[in-house]
Amino acid sequence: SMTLADAQQHRLLELLRKAGNQPIGFAELHAGGISFPAAVVSELELNGYPTERVYDHGRLVGVRRLDSEPRDTPAARRRGWPH
């Protein structure tokens with residue numbers, strides 16, 4: 001069964017895929033159904049999904065996905081994250 005955290009991660013991945021190379025703001029992610037966007041982004045990174053935080057004049061404006069496939073990480077192996 002899928003936990004709430006897994007559902008949030010899947011939703012975030014879906015939003016990042018739809019955005020392509022364009023960054024998505026954390027407020028937009030929250031409006032898109034992600035309760036704690038920064039935490040979910042960190043969880044994805046721990047599971048091997050590389051992201052990039054995007055800044056404008058030193059201010060964090062959003063995040064974007066760097067690769068379409070997750071990297072093999074110890075955390076991803078431990079959790080058995082479905083690739």
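The model is predicted; local features need pLDDT of at least 70, side-chain atom pairs count only at pLDDT 80 or more, and totals for chains, interfaces and linings use all residues. Residues are numbered from 1 along each chain as its sequence is written, and side-chain values use heavy atoms, with hydrogens and water left out.

The protein chain contains four helices and two strands. These are DSSP runs, numbered from the N terminus (helices: H or I, at least four residues; strands: E, at least two). Their order from the N terminus is α-α-α-β-β-α. Of the 83 residues, 37% are buried. Buried means under 20% relative accessible area, exposed over 50%, and partly exposed in between (1.4 Å probe, protein chains only). The accessible surface of the chain is about 5200 Å², and carbon and sulfur atoms contribute 53% of that surface. Areas were computed by the Shrake-Rupley method with a 1.4 Å probe; for residues, only the protein chains shown count as cover. Among contacts with a separation of 6 or more, 53% join residues 24 or more positions apart. Contact means heavy atoms within 4.5 Å.

The largest nonpolar core has 13 residues. Such a core is a set of buried Ala, Val, Leu, Ile, Met, Phe, Trp, Tyr and Cys residues joined through side-chain atoms within 4.5 Å. Leu12, Leu29, Ile34 and Val63 have the most contacts inside the core. Helix H1 (4–19), helix H2 (26–31) and helix H3 (37–46) each give two or more residues to this core. H1 supplies the largest share, four residues. In soluble globular proteins, nonpolar side chains tend to be buried together.

Leu29 illustrates the packing. Neighbours within four places in sequence aside, Leu29 touches Leu12, Leu15, Ile24, Ile34, Pro37 and Val63. Gln8 also lies in H1. Its relative accessibility is 11%, so Gln8 counts as buried. With neighbours within four places again set aside, the contacts of Gln8 are Gly33, Ile34, Ser35, Phe36 and Val40.

H3 has a buried set of its own: Pro37, Val40, Val41 and Leu44. These residues lie on the same side of H3, because they cover an arc of only 105° around the axis. The arc is that of the directions from the helix axis to the C-beta atoms. An α-helix has 3.6 residues a turn, so residues three or four places apart point the same way. Just after H3, Gly48 adopts a positive phi of about 95°.

Strand S1 (residues 51–56) and strand S2 (residues 59–65) run antiparallel and are joined by six bridges. Two strands pair if DSSP finds at least two bridges between them. Asp56 stands opposite Arg59 in S2. Two residues separate the strands in this hairpin. His57 occupies the loop between S1 and S2. Phi of His57 is near 55°, a positive value in a residue other than glycine. Most residues other than glycine have a negative phi. His57 is exposed, with a relative accessible area of 79%.

The structure holds four salt bridges. A salt bridge is a side-chain nitrogen of Lys or Arg within 4 Å of a carboxyl oxygen of Asp or Glu. Side chains of opposite charge can pair when their charged atoms come close. Lys18 is exposed at 64% relative accessible area, whereas Glu14 is partly exposed at 34%.

Arg53 forms a salt bridge with Glu45, with the closest N and O atoms 2.8 Å apart. Both partners are partly exposed: Arg53 has 30% relative accessibility, and Glu45 has 28%. A further salt bridge joins the side chains of Arg64 and Glu52 (2.8 Å, N to O). Arg64 lies in strand S2 and Glu52 in strand S1, so this pair ties together parts that are twelve residues apart in sequence. Arg64 is partly exposed, at 22% relative accessible area. Glu52 is likewise partly exposed, at 30%.
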